[in-house]
Amino acid sequence: MAAAEIRVAINSDQDIVGARQKGRALAIQLGFAGSDPTVIAAAISEVARNIVNHAKQGEIVLSGVHEGDLHGIQVIAADQGPGISDIERAMQYGYSSSKGMGVGLPGAKWLMDEFDIQSQIGKGTRVTMRKWVH
Ligand SMILES: Nc1ncnc2c1ncn2[C@@H]1O[C@H](COP(=O)(O)OP(=O)(O)OP(=O)(O)O)[C@@H](O)[C@H]1O
Ligand SMILES: [Mg+2]
């Protein structure tokens, strides 16, 4: 059985790679097949990279999730960084406050089935994403 919860501290580029690999492995354990494990790993990579680039440190929490007849994977990316002042703008394709391409958040949302972002200035940011096994 899959572990209840996998927590990955995110402080560096190497941690992004680790979170990506753990997410991919958990996705396979949970029954994702085909391109799905890679798609999930890509979404994890984006939110983990945002932690490193915009908040310096934080964590990724991976778990299996059930809702009615659905089962899948949940990915939480949480940090206590500067927060996001305008979430609607941050979610726009092509918007970046730095030198990024501004595709990380909209890309991650598109790759997953459910996407929620909560952020408070000075307190941090929490992205919760889910994808269901089909
Ligand atoms: N964890 C975070 N903490 C603070 N700000 C964030 C965080 N994640 C995203 N943001 C803000 O939202 C903006 C959009 O994020 P997004 O990932 O889409 O683009 P990017 O990181 O700037 O560039 P890319 O992901 O294409 O390299 C960022 O430029 C940044 O201002
Ligand atoms: Mg990004």
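**Note on the fold and packing of the predicted chain**

1. Strand E3 (residues 70-79) and strand E5 (residues 124-132) run antiparallel and are joined by 8 bridges. Within this part of the structure, alanine 78 stands opposite arginine 126 of E5. The model is a predicted one, and the remarks below should be read accordingly.

2. The pair E3 and E5 belongs to an open sheet of 5 strands, ordered E1-E2-E3-E5-E4, with antiparallel pairing. The edges are taken by strand E1 (6-10) and strand E4 (114-120); each has a single partner strand, so one side of each lacks a neighbour in the sheet. On average, and with direction ignored, neighbouring strands of this sheet are turned by 15° against each other.

3. Helix H4 (residues 104-111) packs on this sheet, where it touches E4 and E5. The direction of H4 makes about 145° with that of E4.

4. As to the chain as a whole, its secondary structure amounts to 4 helices and 5 strands. Read from the N terminus, the elements follow the order β-α-α-β-β-α-α-β-β. The radius of gyration is 14 Å, close to the 14 Å that the globule rule gives for 134 residues, so the chain is as compact as a globular protein of that length. The C-alpha trace spans about 40 × 25 × 25 Å along its principal axes.

5. Helix H1 (residues 13-29) packs with helix H2 (residues 36-55) at an angle of about 150°, and their axes are 8 Å apart. Because of this angle, H1 is roughly antiparallel to H2. The crossing in which H1 passes H2 is right-handed.

6. The residues of H1 that make this contact with H2 are Asp13, Ile16, Ala19, Arg20, Gly23, Arg24, Ala27 and Ile28. On the H2 side, the contributors are Pro37, Thr38, Ile40, Ala41, Ala42, Ile44, Ser45, Ala48, Arg49 and Val52. Sorted by class, the contact of H1 with H2 comprises 11 nonpolar, 3 polar and 4 charged residues.

7. H2 also meets H4: the axes of these two helices come within 9 Å and cross at roughly 150°. H2 and H4 are therefore roughly antiparallel to each other. The crossing of H2 and H4 is left-handed, whereas that of H1 and H2 is right-handed.

8. In the contact between H2 and H4, the residues from H2 are Val39, Ala42, Ala43, Glu46, Val47 and Asn50, and those from H4 are Gly104, Leu105, Ala108 and Leu111. By class, this contact has 7 nonpolar, 2 polar and 1 charged residues. Ala42 of H2 is listed in the contact with H1 and also in the contact with H4.

9. Taken together, H2 packs with H1 and meets H4, while H4 in turn packs on the sheet through E4 and E5.

Definitions and conventions:
Residues are numbered from 1 along each chain as its sequence is written. Chains are lettered from A and ligands numbered from 1 in the order in which they are written. This is a predicted model: local features need pLDDT of at least 70, side-chain atom pairs count only at pLDDT 80 or more; totals for chains, interfaces and linings use all residues. Side-chain values use heavy atoms; hydrogens and water are left out. Axes are lines fitted to C-alpha atoms, for helices over the stretch in contact, and angles run from 0 to 180 degrees between N-to-C directions. Angles under 35 degrees count as roughly parallel, over 145 as roughly antiparallel, 65 to 115 as roughly perpendicular and the rest as oblique. A crossing is left-handed if the near helix is turned anticlockwise from the far one by less than a right angle, and right-handed if clockwise. Contact means heavy atoms within 4.5 Å. Ala, Val, Leu, Ile, Met, Phe, Trp, Tyr, Cys and Pro count as nonpolar, Asp, Glu, Lys and Arg as charged, and the others, Gly among them, as polar. Two strands pair if DSSP finds at least two bridges between them. The radius of gyration is taken over C-alpha atoms; the globule rule is 2.2 Å times the number of residues to the power 0.38.
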